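This report looks at some local features of one protein model. Please keep the sequence and the structure in view while reading.

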Amino acid sequence: MQTVDLVYFNAGGGHRASALALQAVLREQHRPWNVRLVNLFEVLDPNARFRKMTGSAPEDWYNRRLARGWTMGMSQELKVLQALIRLGHPMLLRTLQQHWLRTEPDLVVSLVPNFNRAMVESLAASLPGVPYATVLTDLADVPPHFWIERDQRQHVVCGTPRAVEQALALGRAAERVHATSGMIIRPEFYQPVVLDRAHELQRLGLDPTRPTGIVLFGGHGSKAMLGIAERLAASTQLIFICGHNKALAARLQALPRGAPRLVVGFSTDVPRYMRLADFFIGKPGPGSLSEAVKMGLPVIVVDNAWTMPQERYNAHWVRDNGLGIVASSFRHIDQAVAQLLADLDGHRARVRRVDNRALFEIPLLLERILDEAQAVRQTTAGFPMA
């Protein structure tokens, strides 16, 4: 049985969600692989020294900022982080080499940015011939040094033509660049569900005759949801998914309302709530956008100075494909909703043309990568290929 390591971390939640989704589909397909989830930060800091010194995990500060909406200036902070990673590169190599030698994977699949250079080089030095693949969980790269490093020997799995262009421009050989039809999303978003929508909306205290928006800002919510609720309180029926942010959920519940409103905390049943909605409002995160589009929902997102650097292309993707409205600020959310509803059927038709099957395409790519690596090892060892 071959061992496949899926490397993730918890910053933002999307990397872990992608790893879990990929692990789930590989198990459903009964492939002869031992699939392991590897938290990169636990590998780099196995004794949790950072948590002991600071009182929180390295990714906690990032997640708290997302929840509070403090995202301006992240482009500059990203450069600082990348400089620190380059400074610590020798130490990262030593730690990762020891990890690979101890765990001996047959394939390493990265679902994280920024650390791929250290992981590729350490794997090549400790286990030559073991393939390495980076699966972008963003719609595009943010060069330099984010997802794709120049001229490194690794496979890159890209969910958009833009990401494919970037990989080739950074010197990746064409046979090591693999295109998929979108981002990884959870298997539940592909499962057919028989749902009496009108009955379910009524049961939840919503009006089945009114257009319904779902407001989602990732697993930790965002204070931007409060402004959306206030500006649309009188006019628009909304479902708010607040994730782990209990304080946000309480504040939303307490706001005056005119139109019906449903506030949900953390839920593992987001697909069901999306099936009750007519459109999506949120930040242009690759996961939430891909989930909404898979559920047939046109989207409303913003693109401004507060948009994180890795999500700026996503707004262009929405605009270029006619999947919804890209506003300059949620202060204009009432205008954006009116504009979307004026051509709701047209937006729905364009959304339905997007057929994202990446979750089922990637296992086939990984199988091919493993088979090619095995063939190379057999040839190098002097054994005839089967």
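In which loop is His145 found? His145 is in the loop between E4 and E5. This is a predicted model, in which local features need pLDDT of at least 70 and side-chain atom pairs count only at pLDDT 80 or more, while totals for chains, interfaces and linings use all residues. Residues are numbered from 1 along each chain as its sequence is written, and side-chain values use heavy atoms, with hydrogens and water left out.

Helices (H or I, at least four residues) and strands (E, at least two) are DSSP runs, numbered from the N terminus. Pro144 lies in the loop between strand E4 (132-135) and strand E5 (155-158). The peptide bond from Pro143 to Pro144 is cis, with omega near -5°. His145 has a positive phi, near 70°, and is a residue other than glycine. Most residues other than glycine have a negative phi, and most peptide bonds are trans.

Two helix pairs come next. Axes are lines fitted to C-alpha atoms, for helices over the stretch in contact, and angles run from 0 to 180 degrees between N-to-C directions.

| Helix pair | Angle | Axis distance |
|---|---|---|
| H13 (residues 286-294) and H14 (residues 312-320) | about 20° | 10 Å apart |
| H10 (residues 224-232) and H15 (residues 333-342) | roughly 70° | within 9 Å |

H13 and H14 are therefore roughly parallel to each other (angles under 35 degrees count as roughly parallel, over 145 as roughly antiparallel, 65 to 115 as roughly perpendicular and the rest as oblique). Their contact (heavy atoms within 4.5 Å) is made by Pro286, Leu289 and Val293 of H13 and Asn314, Trp317 and Val318 of H14.

H10 and H15 are therefore roughly perpendicular to each other. Here the contact involves Ile228, Arg231 and Leu232 of H10 with Ile333, Asp334 and Val337 of H15.
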